Amino acid sequence: MITKIKGTQDILPAESRRWQDLEDVIFQVSRLYGFREIRTPIFEASELFHRSVGDTSDIVKKETYDFADRGDRMVTLRPEGTASVVRSVIENKLYAEPSLPLKMYYVGPMFRYERPQKGRQRQFHQFGAEAMGSYSPQVDAEMIAYATTLLAALRLPKVRVKINSLGDTPSKALYRDQLMAYLQPRIDGLCEDCRARFLDNPLRVLDCKVDKESPILAEAPKPLDFLTPEAKAHFEAVLGHLRGMGLEVQIDKSLVRGLDYYTHTVFELEADLPTLGAQATIGGGGRYNDLVETLGGPSFPAVGFAFGMERLLLALESLGEAEKPEPIHAFLIALGEGARTKASELLLRLRHGGLICDTDFMDRPLKGQFKQAERLGARFCLILGDDELAKGVINVKDTETGVQETVEWAQLYPYLVQKIREHAHHCGGECADCSEDC
RNA sequence: GCGGUUGUGGCGAAGUUGGUUAACGCUCCGGAUUGUGGCUCCGGCAUCCGUGGGUUCGAGCCCCAUCAAUCGCCCCA
């Protein structure tokens, strides 16, 4: 048996509806905020990710899927979405568009070579958004609002927003020096990983989980303390806008995040829900004012975020919402070859009229066909046998009332529509299939 | 990259100190009811216990290896 690659997942028909519902919410909320979709390739020149995400980040150091294609070009399956979007903006000169800021979102698969576990796959899916072209702190706040609106639309409770500022480039450089000076004499007190991190990316020492409780880290200087006046003003303005919108956020002075390109605002969204396993982080983002330039574009500031869709779905499971069945309108039970031929014709007409219907293709006996109709949640069973065929009629059984009536072929469609309308009216818009029928 | 757990029919799950016909439940299929479902009853569905090797007169049960799944660490979505 050929099996799927480790860390990949089949999204079977039984669960694809949940994905579609999630995508629908994403599309709706994105429209509210004025974001339009961008679709970029799922693989890019390896260099793109090395230069954007950063060579010292774990993502590039040990998690990318890269390989040489037949022309010996090094390509990489995208581990995140921002780099591709930035590349596309530069390549297509979108930074010169008249209507700035550019507001774009994307949905699609990402790839990271890691050991799979709950809420973490090698091929996983992200929904992300980028607002590019504005330095305004209002945009930072708006992105957080966008993210929280999405979670609210999904009815996801208990979400925490953590926020911090790394400052602009001068702030980051100053802080980095101060932090290294502080850590240098104390480095032996930290864990093995931190000692390695100290050398190639000292900022990451800050959010080490192992040394979380260590006084060395607790007392270490924090990025916030080294912000330039401009950076500090920016951060304060972001917080001001958030307060203005009534959004609650927690300032986390140790929040650093894994990608090298962040400047100023960084944030993370967490949900403590049992179905999430060890992955409390469902999304995160921040401002990256220098990335476009780093990748060869003009000076073009931006803010973005990304959510893990598997994690959103996992979080939603904690809500325990019952799976909504997807009933069909009619199931046609045909007995005999002649009836089957006629059935195809009738079904075609019903479907063209907008009714969802199906029939048996497994040569089941009558009883088996009724069972199949029940499995599919058919509202009506249409029985067509030799007798009906001869008379030009069909028996229509209402599966809810058990009442059966004989209807002429020509009247079948109007008859069913009439019945379905009555039902919809009767329930007053409360029942599950009403929304589709009304 | 490191650590824990698990691996028996489509699914869930028994399987005693190794003893020879691998429980049971669900689903599915057929029949009772040759044209009317959901209940009931009857019957059917594992050349075989992830794979390879070993111990033994004999292994699903013991040993080794290997693969896979799963959870966690690191890190992240």
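Biologist: Which residues come nearest to RNA strand B?

Modeller: This is a predicted model, where local features need pLDDT of at least 70 and side-chain atom pairs pLDDT 80 or more, while totals for chains, interfaces and linings use all residues. Residues are numbered from 1 along each chain as written, with chains lettered from A and ligands numbered from 1 in written order. Counting a residue as near if its C-beta atom, placed from the backbone, lies within 6 Å of the strand, there are 52 around RNA strand B. Those that come nearest are Gly-258, Gly-277, Gly-308, Phe-370 and Gly-385.

Biologist: Which element gives the most to that surface?

Modeller: Elements are DSSP runs numbered from the N terminus: helices are H or I, at least four residues, and strands E, at least two. Those giving two or more residues include β6 (123–132), β11 (302–308) and α14 (386–391). The top contributor, with 6 residues, is α13.

Biologist: How far apart are the end C-alpha atoms of α5?

Modeller: Expected span is 1.5 Å times one less than the number of residues. For the 17 residues 137–153 that should be 24 Å, and the model agrees, with the ends apart by 24 Å.
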